[in-house]
Amino acid sequence: MELFEIDPELFISCRLCLDEKGIYQIIPSVKDQIKYCFDIDVEQFDGLPQLLCKKCKGVLSEFYETKKRYKEKQDKLIETKAPKRHLFCCLQTEAGCLQVAEQVAEKLVNQVFCRL
Ligand SMILES: [Zn+2]
């Protein structure tokens with residue numbers, strides 16, 4: 001088993017600001033929030049601080065809620081309001097080349113006579 005030495009003063013600091021003493025333990029769900037919001041990896045046995053101060057806990061919580069809310073709204077916006085691309089599919093028929101809109105083309109895409 002390999003043991004590594006830590007800096008006891010640093011170890012009780014807040015992992016994010018490093019200025020304050022940490023008072024909240026970084027549990028797995030908080031670890032995920034830190035990664036999601038700030039792209040910082042906190043590993044349980046990395047020998048670095050595993051605590052958050054009160055101020056950073058508040059910042060993280062607010063940032064997380066805000067980012068999640070904006071992301072959900074954007075996803076919904078793009079899903080429902082983004083302009084539809086008008087790809088056309090060239091459908092060979094006896095009458096010639098018939099262009100059909102994307103929605104129709106998708107239904108026909110598996111059929112051999114549909115060429116993009
Ligand atoms: Zn802090």
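**Reading cysteines, a core and a helix pair**

Author: Start with one contact set. Cys17 touches Cys53 and Cys56, leaving out residues up to four places away in sequence. Keep in mind that this is a predicted model.

Reader: Now its partner. Where is Cys53, and what does Cys53 touch?

Author: Cys53 lies in the loop between strand S2 (51-52) and helix H3 (54-81). Residues up to four places away in sequence are again left out. On that basis Cys53 touches Cys14, Cys17, Glu20, Lys21, Gly22 and Ile23. Cys53 is buried, because 21 other C-beta atoms lie within 10 Å.

Reader: Which residues does the "binding site" annotation cover?

Author: A record can be checked against the model. The unreviewed UniProt entry annotates Cys14, Cys17, Cys53 and Cys56 as "binding site". These residues span 43 residues in sequence, yet no two of their C-alpha atoms are more than 8.2 Å apart, so they gather at one spot. An annotation like this may be inferred rather than shown by experiment.

Reader: Next, the core. Which residues make up the largest nonpolar core?

Author: In soluble globular proteins, nonpolar side chains tend to be buried together. Here the largest nonpolar core has eight residues: Cys14, Leu16, Ile26, Ile34, Leu52, Cys53, Cys56 and Leu60. Three residues of the annotated site, Cys14, Cys53 and Cys56, are in that core.

Reader: At what angle do H2 and H3 pack, and how far apart are their axes?

Author: Read a helix pair by angle, distance and handedness. H2 and H3 pack at about 65°, with axes 10 Å apart. The crossing of H2 past H3 is left-handed. H2 contributes Gln33, Ile34, Tyr36 and Cys37 to the contact, and H3 contributes Leu60, Phe63, Tyr64 and Lys67. By class, that contact has six nonpolar, one polar and one charged residues.

Reader: Now the backbone. Which residue has a positive phi of about 60°?

Author: Most residues other than glycine have a negative phi. Leu18 is not a glycine, but its phi is positive, about 60°. Leu18 is in the loop between H1 and S1. With 13 C-beta neighbours inside 10 Å, Leu18 counts as partly exposed.

Reader: And Asp39: what is its phi, and where does Asp39 lie?

Author: Asp39 also has a positive phi, near 55°. Asp39 lies in the loop between helix H2 (28-38) and S2.

Reader: One last pair. How many residues separate Gln25 and Gln50 in sequence, and what is their distance in space?

Author: Compare the two separations. Gln25 and Gln50 are 25 residues apart in sequence and 6.0 Å apart in space, C-alpha to C-alpha. Gln25 is in strand S1. Neighbours within four places aside, Gln25 is in contact with Gln50 and Leu51. Gln25 is exposed, with 9 other C-beta atoms within 10 Å.

Conventions. Residues numbered from 1 in each chain as written. Predicted model: local features only at pLDDT ≥ 70, side-chain atom pairs only at ≥ 80, totals over all residues. Contact = placed C-beta atoms within 7 Å. Helix = DSSP H or I, 4+ residues; strand = E, 2+ residues; numbered from the N terminus. Buried ≥ 20, exposed ≤ 12 C-beta atoms within 10 Å, placed from the backbone. Core = buried A, V, L, I, M, F, W, Y, C linked by C-beta atoms within 7 Å. Axes fitted to C-alpha atoms, helices over the stretch in contact; angles between N-to-C directions. Left-handed = near helix turned anticlockwise from the far one by under 90°. Nonpolar A, V, L, I, M, F, W, Y, C, P; charged D, E, K, R; others polar.
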